[in-house]
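Good morning, and thank you for making time for this presentation. Please turn to the structure on the screen, and I will guide you through it.

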Amino acid sequence: MHQETDSINVVQAALKNWKGFFIPYQMALDELESDFKIIDLEWKTAHGYSPIEHLKTRMKTIFSLVDKIENKNIPLTQEAIQQEIRDIAGVRIVTSFIDDVYMLKEHIEQREDIRMIRVKDYIKDPKKSGYKSLHLIVETQVILSNEVLWVPAEIQLRTSAMDFWASTEHKLNYKYQGASIPEEAQKQLVELSRASFLLDKEMSKLRNQLLKD
Ligand code: 0O2
């Protein structure tokens, strides 16, 4: 416990010295939020339907940052953290249908102001916990008055059903921070993830059927 508080204090002190450390990440979040709000409005206007159900941005917390620095053994320098931790800025986009997740991925791939760095498809290959989501590690362009930055960010794309599972599982797991959730409960969570995926697939089937008619 003491060690954890010490680590947080050390990282906090370092961040204080690196003035403006979070500013480019905040700019990236503002850019991405605005980009996707425009897409949402464009789609609603043109088709009366948007693939974006809702969108949330978040800055990585100091606790989560410390965890990652320690787990990955990252040197406590500004350069190393910027280089190694690519999810300081995070955007979560929730869609109604699985197809919309991949449609948005394609859209992101085609944009000139976003570079795709890495794709982690936890929909095709779910995590052991049952977690499903599509993670895109990107760099987004931020145009300043006299320079152009490419700032890393993580975009998480998932359906409402996947989002419900992930946020509920997170709440259930919270109680067991640092320890693991009982095995039986873990198995049940994996089953519930499968069940909610079935719901996603059935909804997609129904949608495709209705679009054909
Ligand atoms: P935070 O700061 O609380 O949002 P890598 O970046 O590849 O070196 P990392 O970070 O472990 O390694 O990547 P991963 O596993 O692809 O993505 C981590 C994020 O995915 C988590 O954020 C969660 O938002 C989500 N996630 C991954 N696994 C699970 C899971 O089993 N359940 C739930 N509910 N969410 C999960 P963090 O790390 O908590 O950071």
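Predicted model: local features only at pLDDT ≥ 70, side-chain atom pairs only at ≥ 80, totals over all residues.

I begin at the ligand, where a polar backbone atom of Ala166 lies 3.0 Å from a nitrogen atom of the ligand. Such a pair is a polar contact, that is, two N or O atoms within 3.5 Å; within protein, one must be able to donate a hydrogen and the other to accept it, and residues adjacent in sequence count only if both atoms are side-chain atoms. The protein covers 69% of the 770 Å² of accessible area that the ligand has on its own. Accessible areas here come from the Shrake-Rupley method with a 1.4 Å probe, and for residues only the protein chains shown count as cover.

Residues are numbered from 1 along each chain as its sequence is written, and side-chain values use heavy atoms, with hydrogens and water left out.

In Gln156, a polar side-chain atom is 3.2 Å from a ligand oxygen. In His135, an N or O atom of the side chain is 3.3 Å from an oxygen atom of the ligand.

Which residues come nearest to the ligand? Of the 17 residues around the ligand, they are Ser64, Lys72, Lys120, Lys127 and Ser129; a residue is counted as near if one of its heavy atoms lies within 4 Å. The shell divides into 3 nonpolar, 4 polar and 10 charged residues. In this division, Ala, Val, Leu, Ile, Met, Phe, Trp, Tyr, Cys and Pro are nonpolar, Asp, Glu, Lys and Arg are charged, and the others, Gly among them, are polar.

Let me turn to the chain as a whole. The chain has 7 helices and 5 strands, in the order α-α-β-α-α-β-α-β-β-β-α-α along the sequence. Helices (H or I, at least four residues) and strands (E, at least two) are DSSP runs, numbered from the N terminus. Along its principal axes, the C-alpha trace spans about 60 × 55 × 20 Å. Of the 213 residues in the chain, 39% are buried; buried means under 20% relative accessible area, exposed over 50%, and partly exposed in between, with a 1.4 Å probe and protein chains only.

Some individual residues illustrate these terms.

The side chain of Asp87 forms a polar contact of 3.1 Å with the side chain of Lys68.

Lys128, by contrast, is found in the loop between strand 3 and strand 4 (134–143) and counts as exposed because its relative accessibility is 81%.

Finally, Asn73 lies in the loop between helix 3 and helix 4 (78–84). Asn73 is exposed, at 68% relative accessibility, and has a phi near 55°, a positive value in a residue other than glycine.
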